[in-house]
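Open the structure in your viewer and keep the selection tool at hand.

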Amino acid sequence: MWNREGLKEFIKQKMADYLFVIVSNREPYVHTFQGEEIKCGMPASGVTMALDPVMQSCGGIWIAHGSGDADKEVVDAHNHIQVPPEESRYTLRRVWLTKEEEAGYYYGFSNEALWPLCHVVYTRPTFKSADWETYKKVNELFSRTVLEEIGDKKAFVFIQDYHFALLSRLIREKNPNCILSQFWHIPWPNPEAFRICPWKEEILHGLLGNDLLGFHIRYHCMNFLETVDRMIEARTDYEKFEIIKGGKSTRVRPFPISIDFDEASSRGQSQEVEIEMRRLRKTLGLGGQIVGLGVDRIDYTKGIPERFRAIDLFFEKYPQYKGKVKFIQAGPLSRIHIQQYKDLNEELTRLMVEINFKYERGRWKPIQFHRSNFGKKELMALYRLADFCVVSSLHDGMNLVAKEYVASRADNTGVLILSQFTGAARELESALLVNPYDVDGLAENIRLAIEMTEGEKQKRMSKMREVVQKNNIYRWTGKVLSELLRFEFPEG
Ligand code: G6P
């Protein structure tokens, strides 16, 4: 069983001579001004949530966009800051972007083109050549930063996600002596969906700069192999899951990402969480209620309107639950400069107001919507207060909320309703698996969750806890690193 100590030992034994570099767009710690004071927080991102404990174990350098308004105030002359703030475990190197760069690379190409392209949720991607140019420019900027940090050290570079499709190729061209890997945290669609991208060849060519390329599930690996096979000149080996292009090979592997199960499970039982639960029960008026919970960034891939519609239908079909069941939707606004996200926000407000008006009785309302980024403690308290948790993503690479909810239920209570279109559904087979497009089915599963016997809940939850405990984030990292260590540094 992999755990924090085991991973540390592994790294000490096998990786001591190498520098470990992570690159992601989103930084794990953000400094912001609150009045005169500077506060440090963690963003709502599955990627950073999963990788921070890893970096805390291995040490090294994490390179990311410095997006907080107080970020510049706290770094040293090399744009470095030691994190976590309470205990230096690794170095965060911040990269600064202009407003125009952020608009074209992050909002534009990453989130208006690649995000909807890879999530098949029928939101049309927008391809603008100006955004693509900026995306290339920012990938170049990050490649210069990586090269500067590595110098002539032997380094493992681990790139995160769809913001950096071109990065490994750019690094390799200048420094062939490092081992390059990338994890694609979102789904990879089938060739039919991917082929509409005007710069598909460049993207595939860029990604094949990696020695190792990871996806959450085998299905996404297969989609990637097939996409390469159909779209560029390369040899695709379906036996070995390998692509050879220009004499260089890229291994493609599934690594289902996870969470720090033991930490989450024991934090869930802590006294501070118990106190927080009492506070929330009171402030949210949850006393005597059956509580349902949804936790998501407000994103159109998460199926939140479908969830609200299912709640509407549930009360319509089962009016006996009026006044007895409350649904809490929690999570921060996200990517708000993009039109689809603005539209979604308006739609959600409209839906909530309509549904609440339809069923409210005195002080009781069926849906409470909290658009904010909850801290770890509050989030854990919410998980523990929830009799059932709904993850209804229309398409999702993994979904770590599902795993966090499971980790929080040390007493094996609670029911997880989980979309079959998440990566997590492959592991959490004992959840109530749903098709979020089928609102009737979703409403019916809400009833099932509420009426499930305690024995059945215990049986399902303990099975899921076993899975997440075993397939935890340290195992994920251990597997990625073991695979990386099989590569030899070019100079011997
Ligand atoms: C997904 C992506 C991450 C991203 C996160 C939050 O999980 O795979 O790369 O960080 O969403 O989105 P944001 O755009 O706020 O970083």
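Helices (H or I, at least four residues) and strands (E, at least two) are DSSP runs, numbered from the N terminus. Axes are lines fitted to C-alpha atoms, for helices over the stretch in contact, and angles run from 0 to 180 degrees between N-to-C directions. This is a predicted model, in which local features need pLDDT of at least 70 and side-chain atom pairs pLDDT 80 or more, while totals for chains, interfaces and linings use all residues. Residues are numbered from 1 along each chain as its sequence is written, and side-chain values use heavy atoms, without hydrogens and water.

**Helices**

Select residues 99–118, helix α4, and residues 129–150, helix α5: their axes come within 8 Å and cross at roughly 110°. α4 is therefore roughly perpendicular to α5 (65 to 115 degrees; under 35 is roughly parallel, over 145 roughly antiparallel, the rest oblique). This crossing is left-handed (the near helix is turned anticlockwise from the far one by less than a right angle; clockwise is right-handed).

**Ligand**

Now select the ligand. Residues surrounding the ligand include Arg 26, Trp 115 and His 163. Which side chain has an N or O atom 2.5 Å from a ligand oxygen? It is that of Tyr 106. For Ser 45, the distance from a side-chain N or O atom to a ligand oxygen is 3.2 Å.

Technical notes:
Near = heavy atom within 4 Å. Polar contact = N/O pair within 3.5 Å; in protein donor to acceptor, adjacent residues only side chain to side chain.
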